[in-house]
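Try each task yourself before reading its solution.

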Amino acid sequence: MLKNTILCSLFAISLSGCVGLNTVSMTQVPAERDNKITTNSSSWNFIGINFSNVFVDEAIENLKTQCPTGKIEGVYTKHQTTGYVLVFKREVIVSAYCNEV
């Protein structure tokens, strides 16, 4: 019984996470805010060791594909990290406005 309680407790702790907000950035918000576009991208790593930041480039490309002929303005970016027991998820969340030129 004690073994099962300890295993269930460890399992429950491993499912919980802690979110940390690393950076927030915002450019000037345009007067015309009709077409809002959003995207996010993430990467997982073990014990916080990062080998690549390619996921940031993916978020930028996703934003550009949503506004191929317009001008992207009012960009709001958020970089956050969610930490689980030994695994971390780095995530970039981007929202902006696509205004036709």
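**Exercise 1. A pair on a helix**

Which residue forms a salt bridge with K64, and how far apart are the closest N and O atoms?

Solution. A quick note before we start: this is a predicted model, so local features need pLDDT of at least 70 and side-chain atom pairs count only at pLDDT 80 or more, while totals for chains, interfaces and linings use all residues. Residues are numbered from 1 along each chain as its sequence is written, and side-chain values use heavy atoms, with hydrogens and water left out.

Step 1: A salt bridge here is a side-chain nitrogen of Lys or Arg within 4 Å of a carboxyl oxygen of Asp or Glu.

Step 2: find the partner. K64 pairs with E61, and the closest N and O atoms are 4.0 Å apart.

Step 3: (Helices, H or I with at least four residues, and strands, E with at least two, are DSSP runs numbered from the N terminus.)

Step 4: check the accessibility. Buried means under 20% relative accessible area, exposed over 50%, and partly exposed in between, using a 1.4 Å probe and protein chains only. K64 comes out partly exposed at 46%, and E61 is partly exposed at 44%.

**Exercise 2. The rest of the salt bridges**

Find how many salt bridges a search of the whole structure gives, and describe the one formed by K71.

Solution. Step 1: the search turns up 2 salt bridges.

Step 1: K71 bridges to E73, with the closest N and O atoms 3.7 Å apart.

Step 2: K71 is partly exposed at 46% relative accessibility, and E73 is partly exposed too, with a relative accessible area of 22%.

**Exercise 3. Cysteines**

Which cysteines are joined by a disulfide, and what is the handedness of the bond?

Solution. Step 1: apply the cut-off. A disulfide is a pair of cysteine sulfur atoms within 2.5 Å, and by this rule the count comes to 1.

Step 1: name the pair. C67 is joined to C98, at an S to S distance of 2.0 Å.

Step 2: read the torsion. About the S-S bond of C67 and C98 it is about 75°, so the disulfide is right-handed.

Step 3: see what gets tied together. C67 is in the loop between α2 (54–66) and β3 (71–83), while C98 is in strand β4 (residues 87–99), so the link connects parts that are 31 residues apart in sequence.

Step 4: compare burial. C67 is buried at 4% relative accessible area and C98 is buried at 6%, whereas C18 is exposed at 56%.

Step 5: look around the link. P68 is in the loop between α2 and β3 and counts as exposed at 67% relative accessibility. P68 and C98 are 30 residues apart in sequence and 9.0 Å apart in space, C-alpha to C-alpha.

**Exercise 4. Overall build**

Step 1: check the dimensions. The C-alpha trace spans about 65 × 25 × 20 Å along its principal axes.

Step 2: pick a pair along the chain. E100 and C8 are 92 residues apart along the chain, and their C-alpha atoms are separated by 55 Å.

Step 3: stay with E100, which lies in the segment after β4. Leaving aside neighbours within four places in sequence, E100 is in contact (heavy atoms within 4.5 Å) with T69 and G70.

Step 4: finish with burial. Buried residues make up 25% of the 101 residues.
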